[in-house]
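Please look over the sequence and the model shown here, and then follow the paragraphs below from one region to another.

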Amino acid sequence: MDFNLKKLTSDAGVFFTRAVQFTEEKLGSAEKTELDTHLENLIARADCTKNWTEKIFRQTEVLLQPNPSARIEEFFYEKLDKKIPSRTTNGELLGQYMLDAAKDFGPGTPYGSTLITVGEYQIRLGGAEREFLQTSAINFLTPLRNFLEGDWRTISKERRLLENRRLDLDICKARVKKAKQAEAKAAAEPDFQETRPRNYVLSASASAVRRPQTETHVNHLRCLHEFVEAQATYYAQCHQYMQELQKELSRYPNSFASNANPSTSATCPSPVSSATLPGVSPPCLASTSTPGIAREPSGQLKIQDVQQPSTGHRKAKVLYDYDAHDTSELSLLADELITVYTVPGMDPDWLVGERGNQKGKVPVTYLELLS
């Protein structure tokens with residue numbers, strides 16, 4: 001190892017005199033050469049560019065990869081210059097779970113076949129998400145990272161050089177000013193003359209700050225357009241896949257039929273009004289046929305043939321609004337009181353409700369039976 005003690009001593013002396021000059025400037029006991037106003041503005045703009053680029057870069061990383069552990073893992077892979085392993089997206093994982101579940105439930109059942117259809121489209125959505133992540137990382141994140149780790153380091157190095165040259169210039173100015181004797185002044189003058197050309201060379205530092213900054217904004221603008229283009233493509237693909245999925249599901253209008261009882265279909269009530277209880281959602285109910293009750297050819301209950309029994313009827317308070325699905329049912333308003341009763345062979349999830357001259361089937365889950 002080539003150890004140059006003289007150079008080491010010289011560098012230490014320069015560092016010490018710069019530190020003294022910097023401290024005196026902060027305390028106001030030494031004069032400070034002000035930089036050109038244009039250069040000061042360039043430096044301020046460079047700081048602004050760096051700060052906002054860093055924030056945009058970090059938040060874009062969070063958007064593309066919300067998992068902090070995965071981001072840390074990717075960071076180490078990049079530092080080690082290794083290829084980041086491919087990860088299964090959440091959409092692809094969900095789609096695979098649906099396909100596996102369909103195998104157990106039976107691909108021939110309505111639920112199983114629907115799971116297969118939805119699972120395949122979830123995998124497509126996951127593939128579109130993967131492509132979007134890769135495109136955004138290459139076209140947007142990588143240029144931002146290159147600026148922070150490349151161009152900005154060059155700018156910072158030029159700024160440190162500029163600051164050191166300015167300190168050297170002010171140190172020589174102070175020596176000339178403090179020189180009382182002609183010999184001391186003559187000894188200090190060459191140093192001053194030697195530093196001035198260095199100061200003039202600093203105009204190159206100004207151009208080094210200005211040029212990368214201008215090119216950076218142009219480059220980042222282009223990358224921003226590519227990022228928006230990737231987002232638009234991704235969301236358009238998702239919209240197309242969801243439209244195709246809806247068309248696929250619309251081909252199976254009876255896909256919600258229960259396997260255990262084909263005559264029973266799971267039905268959710270229409271959206272409730274503001275009269276419903278706060279914080280409580282109306283339950284799903286089963287719309288079933290009523291054995292033992294006369295029906296019209298269309299299969300609807302002949303509710304006018306049902307007579308109220310002399311005993312066994314009671315009052316009930318309506319908990320939620322309910323819109324009748326056919327003429328055999330009775331529409332309900334939350335908080336109203338109706339008379340309810342059952343008939344032989346009627347499904348236990350339903351009662352016959354009466355309100356004045358109106359009569360029809362009502363779901364038990366929408367009622368609070370009063371004693």
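**A loop, a helix and a pair of helices**

Threonine 365 lies in the loop that links strand S6 (358–363) to strand S7 (367–369), where strands are DSSP runs of E with at least two residues, numbered from the N terminus, and helices are runs of H or I with at least four. The model is a predicted one, in which local features need pLDDT of at least 70 and side-chain atom pairs count only at pLDDT 80 or more, while totals for chains, interfaces and linings use all residues. Residues are numbered from 1 along each chain as its sequence is written, and side-chain values use heavy atoms, with hydrogens and water left out.

Because its relative accessibility is 40%, threonine 365 counts as partly exposed, a class between buried (under 20% relative accessible area) and exposed (over 50%), using a 1.4 Å probe and protein chains only. Threonine 365 is 15 residues from tryptophan 350 in sequence, and their C-alpha atoms are 8.4 Å apart in space.

Helix H3, residues 68–79, has 12 residues and spans 17 Å from its first C-alpha to its last, close to the expected 16 Å, a value found as 1.5 Å times one less than the number of residues. After H3 comes aspartate 81, which has a positive phi, near 60°.

The axes of helix H4 (residues 90–105) and helix H5 (residues 110–178) come within 7 Å and cross at roughly 165°, with axes being lines fitted to C-alpha atoms over the stretch in contact and angles running from 0 to 180 degrees between N-to-C directions. H4 and H5 are therefore roughly antiparallel to each other, the term for angles over 145 degrees.

Terms used. Parallel < 35°, antiparallel > 145°, perpendicular 65-115°, else oblique.
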